[in-house]
Amino acid sequence: MEKRVRSSSACGRLETQHVTSILSEQEDAGKKARNPSGPGCQGEKVADDFVPHRRVNEDVRGQPEWLIRELLRQNRRRHSVTLGDKASVMRGQHRSINSIRRLCSLKIDETISLDNLQRLKQAFEDFGSRCVDTKNFGRIVKKCLGLPNTSNEQIQALFKKIDYSGQGRISWGQFCAHMLQENKEKEESARRSKQVAFTLPATMKALGQGAPIVNIHSTHDGTIVTLREDGTVCSWSPELRPQWTRHLFNGDAANSKSKWASDFTVMTEYNKLMIATGDREIQFYDLTALEPYCQINALDTVPLTLDYGSTGPDKCCILYGDTEGCVTIILISSVGDTLRLWNKLPKVENVPNIVIDNAVVSPNVTFVRWKVHQDWVTQVRYFPGFRAVVSSSNEESSSLVIGCVLPLTDAEQQLSEIREACYEGKTKKVQMSWTPQLRASCDQTAFNIHKGVKTFDLCRKHSLLVTGGMDRLIRMWNPHFSGKPTGILKGHSAPIVHLCISSEDSHVFSVSIDSSVKIWDIQDQCCLFTVDPKASGIHGDISACSYSPAMKSVFIAADCLAVLSLKLRPQICSRLTVSHDEPVMCCGYSEEFRQVVSCTEGSLVKVWDLDSGRQVFEFGGTCDLSAVTCMTFDLKGRRLITGGRDGCLKIWNFNNGQCLKTLKKDGKCREVCDCIFMKVHRNGYVMSVGRDRKIDIYSDIPEDLRHVQRPQPSWQDDLKNGHNDDILCVAQCPPSLLATSSYDGEIIVWNVVSGRIQCRIVPPHAAEYQNAEGLDSSVPSIIFLKNLQVSSATLLLSSGAAGCINVWQVLSGGKFLSCFKASRFRQKITKLAKADEDTLLYAADRIGYIYVFNMSKFSPQQKSPRAENFWRAHTSRVSGLQIVDNDQVVLTSSTDYTVRLWSSRGQFIGTFGQSESWSTHIQSSWMHPAVPYEVLIHPLSVPAHETLTVKTPRPDEIDPDTAGADGGELQLATQSEWRLPPTSISDTDIEED
């Protein structure tokens, strides 16, 4: 009877086909029952009951609870709708539906098929210039993709992604290039998420002189057991520390010379070691004491490969392959009692012995011998999940055979064949014959493979069979279908001797005789990692291999015993949410696409949706890219400019990961610390500063197709009178002012039109810091601010020493106006940002605090401004700070691996990458009043209380000698942080403290 089974497609996914297979017959039909109600059925019913529009129901399905609640609140059923309020009701529903579509709808570029592409191409060619504008592009998309109801917002977003230079027209070639590049980066991103590696070099232990190891097994407690050909058993810790060694064949000297072990396995349930020998024996040893327990001898052939499997409670299957191509199976029920009975028998060579002829007539023993191959059996295994025996050989006609343990025909025929081929102890009445039996064709599935099979593995979870052998190819099969492989993995340059499927990780591990080890991904059918002998240090002829899923390690026996352990990703506390797996160096916001971009130390760039916190795209992260140190956008927000540690700048289309241009100087390049995009006289320029202590200026000409662009000649003032130390920051004040700050504390204001120095500023240190040793005078952040309270309205603010902010009057020769303390813990201010109208100043310090100052009434003659609000956003240095004025939110990033979004008052909206999405305009979706868990448990977040502070020194970063007003500020800060988000703090409250 034909069964529905699955065979893998070219990309590794399995398709359904009608075939006949032994495995189909073996599977329990009851386990194939399908549950007609899926996990979403109940949710669909709720949506149908409460949401009046089917489109809303489809979009809501699978969305977060806060979104459903908000829709139910806005679309609650009414018994009647009057003419007066119908318009408002419809507007509310319209807003909610648009919100859902924005959050939940599929991207247009994810719905394009080959037929769609052909229609799109023809539509582009129908235009004379073969270029279309956004209006015609919208018409083409709706018509060719069959999406007449697609919103113009989606179409325009796709158009802008392709038209990154802002020319207003795109061609068919640009459209195709965008699609190809985007899909390429998505594939790389998926591969990167699966990336694995071994710890190199391998951990090795010398074996010394002696016979080769025939096999390696691990016990339930992680102990590694090896057996040499001469019968030497060794026990090792997972780190390959030797525990004990025992020589098993130490009997009669004459016999010990001829006896050799061919294979062994561990009977974990019974704590026994089972060894096959060249004397046609199967020996059992107690695994704890390694004392002989019993043995079966007088086998008809030498067992070359041995296996053991549990077939039920106190039932097992012992099987071995021999030189005649036969697979012999011994089924034992009541295993414990049977072995104890054999243990009481007379001893031969000091081992309780039973002849195979007597063993098969023992109670609860069933014996069967199948003729399977025409050559030696290279491997044999029993798979309980399939209830099948799999064996392999080097001959092609029956390279691998999946067969039943006992015949699976009708009951009468089965009984007859069992009488002929199997011998049960209670019913045996004829003389035993070693003549092997042939399975019926319906009882086995044979695979014909070029040059045979040396090793294989079978996985029920993935319905996958993998084979390897002399032809150096790994073939992937649907075990139900022997017609042709579903995939072929190429990469080994020598015959393959070991294969193992890790079903938990969806990986295949392979080892070849040249000591190369590879890790393959099952779904993508690609190699994830390769270890060559030079990197691992493994040399010599490989005699045995084993993979331990529990320890995620590959053990290899060659000239030495080696272990290759997988590098495990650090386990993050379930309460912690990170945006990246490495420190975030900078972040920014593109208003054009309402997207957040974050860059890391490992050159990985992630693109996030501001409105939901979900990841949209990622690219970079390859070994040929340097760490990203800074970033900015062009004026339209469609291109991303990044600066790297290698001294180069790169311009990206960040929506598809295409590197449009590389900006670099001739000769040696040093790290870029900051960069900006500036417009001067209708011309765009990219300006960068860094450790080469000069300002590099690059013209922005999108039409210039050169991939590498050199900078313009440096300003003469910059060459002669520029900075004497590394430049850390650059800021602009349109239309013509530019400011740079350096590590030694010097600030220079430039006129970008003339290229001359406007003024030079050297920050004065307060008297209390004049004689301080090791004072950090660097200026990592500067910002221009316009203030109507000052005669010369343009101010320059810079981060100063000990958490202070210095204020300068730019148009008066860099006159120093005032200095006020920003960080309550005297920590260096790392980032400065301002609101749209220059009224609010945001400052971030080195330990993750954000401070908000109202600068609208700032006057040098008055008292220094105090923070109106502050909160702790991160637990380490804030590396990015930007205010999104239209949404009244604050974007922050930090070296603590996170990118977060806050309201302008410090209410926690969420961490980008968290499992629960949010909406920036629906407060019920925010994490508030919760705070980031790592911030909550940090020592600085503990409320100030005498019980908690007794005999407990303050953290090093806080000055323990702070007294008076400072002490009050510290207590106020910790209390406010405990109640995050903090309430606003007035000047009166601070004065009282």
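Guide: One term comes up at once: a residue is called buried when its relative accessible area is under 20%, and exposed when that area is over 50%. The model shown here is predicted.

Visitor: Which residues of α6 are buried?

Guide: Helix α6 covers residues 114–125, and its buried residues are Asn 116, Leu 120, Ala 123 and Phe 124.

Visitor: How do you know that they line one face of the helix?

Guide: Looking down the axis of α6, the buried residues fall within an arc of 100 degrees, so they line one face. The face turned away from them carries the exposed residues Leu 114 and Gln 118. On the buried side, the packing partners are β3, α7, β4 and α9.

Visitor: Why is the pair of Phe 198 and Phe 529 called edge-to-face?

Guide: Rings pair if their centres lie within 6.5 Å, and planes over 60 degrees apart count as edge-to-face. The centres of Phe 198 and Phe 529 are 6.1 Å apart and the planes are at 65 degrees, so the pair is edge-to-face. Phe 198 is in the loop between α9 and β5 while Phe 529 is in strand β31, so the pair ties together parts 331 residues apart in sequence. Both residues are buried.

Visitor: What makes the pair of Trp 715 and Trp 750 tilted?

Guide: Stacked planes are under 30 degrees apart, edge-to-face planes are over 60, and the rest count as tilted. For Trp 715 and Trp 750 the angle is 40 degrees, with 5.6 Å centre to centre, and the pair is tilted. Trp 715 lies in the loop between β46 and α15, and Trp 750 in strand β49, 35 residues apart. Trp 715 and Trp 750 are buried.

Visitor: How many aromatic pairs does the rule give?

Guide: The count comes to 23 aromatic pairs.

Visitor: What makes Lys 272 count as sitting over the ring of Tyr 293?

Guide: One condition is that NZ of Lys is within 6 Å of the ring centre, and another is that it is within 35 degrees of the ring normal. The charged end of Lys 272 is 4.4 Å from the centre of the Tyr 293 ring and sits over it. Lys 259 lies over the face of Phe 249, at 5.6 Å from the ring centre.

Visitor: Why is Arg 228 called buried?

Guide: Its relative accessibility is 9%, and buried means under 20%, so Arg 228 counts as buried. Arg 228 lies in strand β7. Among the residues it touches are Leu 207, Val 214 and Ala 261.

Visitor: Where are cis peptide bonds found?

Guide: One joins Leu 200 and Pro 201, with omega about -5 degrees. Another runs from Pro 734 to Pro 735, with omega near 10 degrees.

Note on methods. Residues are numbered from 1 along each chain as its sequence is written. This is a predicted model: local features need pLDDT of at least 70, side-chain atom pairs count only at pLDDT 80 or more; totals for chains, interfaces and linings use all residues. Side-chain values use heavy atoms; hydrogens and water are left out. Rings of Phe, Tyr and Trp (its six-membered ring) pair if their centres lie within 6.5 Å; planes under 30 degrees apart count as stacked, over 60 as edge-to-face and the rest as tilted. Helices (H or I, at least four residues) and strands (E, at least two) are DSSP runs, numbered from the N terminus. Buried means under 20% relative accessible area, exposed over 50%, partly exposed in between (1.4 Å probe, protein chains only). The expected span of a helix is 1.5 Å times one less than its number of residues. The arc is that of the directions from the helix axis to the C-beta atoms. Contact means heavy atoms within 4.5 Å. Lists of a residue's contacts leave out its neighbours within four places in sequence.
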